[in-house]
Amino acid sequence: MRKRVALAFSWLVILNLNVVHAQVITGDSIFESLSSEAGNPVRGRAIVASRQTGLCLLCHSGPFPEERFQGNLAPELKASVARLNAPQLRARIVNAAHFNPQTIMPAYYQTSHLNRVAAKFVGQTMLNGQEIEDVIAFLITLNNQN
Ligand code: HEC
């Protein structure tokens, strides 16, 4: 019995971790972090370069010498980061369509107003809050590189 309760409880914790935080876009920014842990730039770089999770390089290019194929459908990431601070980047990654309803960039942290979502992904965001924060932490480091 005890075991069962513990099991149910651990499920609750897992479900809770996946709860999508409410995001408030103030001006052109989201000031509140989407995770309790600070963003990790090393993990963020891996997400940006990944063809399974971030997919950013499908459209964007950036300082990734190991990636031969990078996109040319979107601004180069380093140039964008030179113009945008962390809260501005957060808002754009959470929901690019807020800024341009016609954009081809996916809304990485939305569960509603999406098109053609496969059944198993309904109610889920493309990246979780921690992953978004990791991506932002990585992007910010691009500002300090030449
Ligand atoms: C399917 C293509 C596509 C993918 C995938 C994509 N983007 Fe974009 N992104 C765009 C386009 C196009 C724009 C230009 C804004 C617009 O559409 O009006 C943009 C804009 C941006 C901007 C704002 C740039 C600026 O200078 O204003 C940032 C930051 C950004 N993307 C980051 C990312 C990150 C990080 C990822 C991966 C997690 C990503 N994008 C994935 C297409 C994409």
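Mentor: Leu55 counts as partly exposed, because 18 C-beta neighbours lie inside 10 Å of it. Keep in mind throughout that this is a predicted model.

Trainee: Where in the chain does Leu55 lie?

Mentor: Leu55 is in the loop that runs between helix H2 (41-49) and H3.

Trainee: And what is phi of Leu55 near?

Mentor: Phi of Leu55 is near 60°, which is positive even though the residue is not glycine. Most residues other than glycine have a negative phi.

Trainee: New topic, the ligand. Which residues come nearest to the ligand?

Mentor: There are 24 residues around the ligand, and those that come nearest are Cys56, Cys59, Ala74, Ser80 and Thr103. Helix H3 (77-83) and helix H4 (86-94) are the elements that each give two or more residues to this shell.

Trainee: Which element gives the largest share?

Mentor: H4 does, with three residues of the shell.

Trainee: What does the shell look like by class?

Mentor: Around the ligand there are 17 nonpolar residues, five polar ones and two charged ones.

Trainee: Let's pick something else. Which helix does Gln88 lie in?

Mentor: Gln88 lies in helix H4.

Trainee: Why is Gln88 classed as partly exposed?

Mentor: The count decides that: Gln88 has 19 other C-beta atoms within 10 Å, so it is partly exposed. A residue needs 20 or more to be buried.

Trainee: Which residues is Gln88 in contact with, leaving aside neighbours within four places in sequence?

Mentor: Gln88 is in contact with Asp28 and Ser29. As for Thr26, it is 62 residues away from Gln88 along the chain, while their C-alpha atoms are separated by 9.6 Å.

Trainee: Last one. At what angle do H4 and H5 pack?

Mentor: Two packed helices are described by the angle between their axes and the distance between the axes. H4 packs against helix H5 (residues 129-141) at about 130°, and their axes are 10 Å apart. That angle makes H4 oblique to H5.

Trainee: Is the crossing left-handed or right-handed?

Mentor: H4 passes H5 in a right-handed crossing. On the H4 side, the contact is made by Ala86, Leu89, Arg90, Ile93 and Val94. H5 brings Ile132, Val135, Ile136, Leu139 and Ile140.

Trainee: How many residues in the contact of H4 with H5 are nonpolar, polar or charged?

Mentor: Nine are nonpolar, one is charged and none is polar.

Terms used: Residues are numbered from 1 along each chain as its sequence is written. This is a predicted model: local features need pLDDT of at least 70, side-chain atom pairs count only at pLDDT 80 or more; totals for chains, interfaces and linings use all residues. A residue is near a molecule or strand if its C-beta atom, placed from the backbone, lies within 6 Å of it. Helices (H or I, at least four residues) and strands (E, at least two) are DSSP runs, numbered from the N terminus. Ala, Val, Leu, Ile, Met, Phe, Trp, Tyr, Cys and Pro count as nonpolar, Asp, Glu, Lys and Arg as charged, and the others, Gly among them, as polar. A residue is buried if 20 or more other C-beta atoms lie within 10 Å of its own, exposed if 12 or fewer, and partly exposed in between; C-beta atoms are placed from the backbone. Two residues are in contact if their C-beta atoms, placed from the backbone, lie within 7 Å. Axes are lines fitted to C-alpha atoms, for helices over the stretch in contact, and angles run from 0 to 180 degrees between N-to-C directions. Angles under 35 degrees count as roughly parallel, over 145 as roughly antiparallel, 65 to 115 as roughly perpendicular and the rest as oblique. A crossing is left-handed if the near helix is turned anticlockwise from the far one by less than a right angle, and right-handed if clockwise.
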